[in-house]
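Trainee: Before we discuss this entry, could you take me through the terms used for it and set each value against its definition?

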Amino acid sequence: KLSSWQEGLIRSSNFFFSFLFSMELVCRLLAFHPRGFFQSSWNLLDCFITIASLFGLLLDSSSLTASLPLRPQVLRSLRVLRSLRVLQVEPAVMQALAAGSPQLLTLVLFSFVLLYTCAVMSSSAFANLCESADLSLPALLAVRCQLTAAAASLQRSNFRSVPSSLLTLLRMSTGDGWVDIMERTGHVHRDYPRASNATAVAIEALRRRMEAGKAEQEAWLVKAQEALPGCLSKEEAKALQEAGVMSCRSWSWGREVEVTCDETCGSNLSKFVIPLFSVLTSFFLVNL
């Protein structure tokens, strides 16, 4: 969250640049005369951007901002389109783009196919991993991820579907957060040794938690976490679900149904695959 002086600086900068662009537009309008001014498509673009920016300032200072579907910041971001005027003085750029458009289209399609293939593979391998939002699920649905260590849960990203996997891979291809994702997906069951009766101890602690009051529930959850540290294997998840202390649901044909709880562990393979993906995509983007 921005501090008060940062918000004031941004507000003052918005007023300053909006005033500057407005004065520039008025001067050009007087210099070229309205009839000559509006004959240029670039002038029309500048006029639209300036009016949209002023309209955004008006909305930002009114009380209607919360009820509008469009944020004023979106209108002010249209100022970036003013950089398109560089194309007016560099026609060779447009000619080069037109000549290389078939090769560029082939490259884009190849990149999409590669990312889509990786997204399908990652959603098959890591769809079972917990994410931070799962901790807020109601009652027994949250137990599966409450027993999983925070270091083995994903933050602000997941691989539960192909679209979400695509977004995560696009983020990783820019070099952002791939080390954190690699570490969180690399936890395996054998990294956390257990006692022979660990599952029974965890089941008993979770049953006591269901019967205890709110003041004691956290203590029983900690005991279950100590019995089953790190992440859950398939056998442990199945035993907890059959004991009635954990539940898992999924959507099928528009309705929520009970499903078999899956493990929450990742794979050691991610410690090799994710760095390789990050290096190859970075090399690919640099050499575009």
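Mentor: Helices here are DSSP runs of H or I with at least four residues, strands are runs of E with at least two, and both are numbered from the N terminus. Counted in this way, the chain of this predicted model has twelve helices and two strands, and from the N terminus on its elements run α-α-α-α-α-α-α-α-α-α-α-β-β-α.

Trainee: What share of the residues of the chain counts as buried?

Mentor: Buried means under 20% relative accessible area, and 33% of the 288 residues of the chain count as buried.

Trainee: What makes the contact of Asp134 and Arg160 a salt bridge?

Mentor: The cut-off is 4 Å between a side-chain nitrogen of Lys or Arg and a carboxyl oxygen of Asp or Glu. The closest N and O atoms of Asp134 and Arg160 are 2.2 Å apart, so the pair is within the cut-off and is called a salt bridge. Asp134 lies in the loop between helix 5 and helix 6, whereas Arg160 lies in the loop between helix 6 and helix 7, so the pair ties together parts that are 26 residues apart in sequence.

Trainee: Why is Asp134 called buried, and what is Arg160 called?

Mentor: Asp134 has a relative accessibility of 7%, which is under 20%, so the term buried applies. Arg160, with a relative accessible area of 35%, falls between the limits of 20% and 50%, and therefore the term is partly exposed.

Trainee: How do you know that Arg171 and Asp176 form a salt bridge, and what about Glu258 and Arg249?

Mentor: In the pair of Arg171 and Asp176 the closest N and O atoms are 3.3 Å apart, while the side chains of Glu258 and Arg249 meet at 3.9 Å, N to O. Both distances are within 4 Å, so both pairs count.

Trainee: Which residues lie nearest the centre of the largest pocket, and how many line it?

Mentor: The lining has 24 residues, with Leu114, Cys118, Leu169, Val273 and Phe277 nearest the centre, and about 620 Å³ of space lies in this largest pocket. Helix 5 (91-126), helix 7 (162-173) and helix 12 (270-286) are the elements that give two or more residues to its lining, and helix 12 provides the largest share, nine residues.

Trainee: How do the residues of that lining divide into nonpolar, polar and charged?

Mentor: The lining of the largest pocket divides into 18 nonpolar, six polar and no charged residues. For the second largest pocket, which holds about 470 Å³ of space, the division is ten nonpolar, six polar and eight charged. Its lining also has 24 residues, and nearest its centre lie Ala127, Arg144, Arg160, Cys248 and Arg249. Helix 5, helix 6 (143-146) and strand 1 (249-252) each give two or more residues to the lining of the second largest pocket, the largest share being the three residues of helix 5.

Trainee: Why are the phi values of His33 and Ala139 pointed out?

Mentor: Most residues other than glycine have a negative phi. His33 has a positive phi of about 70° although it is not a glycine, and phi of Ala139 is near 45°, again a positive value in a residue other than glycine. His33 lies in helix 1 (residues 4-37), whereas Ala139 is in the loop between helix 5 and helix 6. With relative accessible areas of 52% for His33 and 67% for Ala139, both are over 50% and are therefore called exposed.

Terms used: Residues are numbered from 1 along each chain as its sequence is written. This is a predicted model: local features need pLDDT of at least 70, side-chain atom pairs count only at pLDDT 80 or more; totals for chains, interfaces and linings use all residues. Side-chain values use heavy atoms; hydrogens and water are left out. On a 1 Å grid over the protein atoms alone, a cavity is a set of points where a 1.4 Å probe fits but cannot get out, and a pocket is an open set with protein on both sides within 12 Å along at least five of seven lines; lining residues have an atom within 4 Å of a point. Grid points are joined across faces, edges and corners, and a volume is the space filled by probe spheres set on the points. Ala, Val, Leu, Ile, Met, Phe, Trp, Tyr, Cys and Pro count as nonpolar, Asp, Glu, Lys and Arg as charged, and the others, Gly among them, as polar. Buried means under 20% relative accessible area, exposed over 50%, partly exposed in between (1.4 Å probe, protein chains only).
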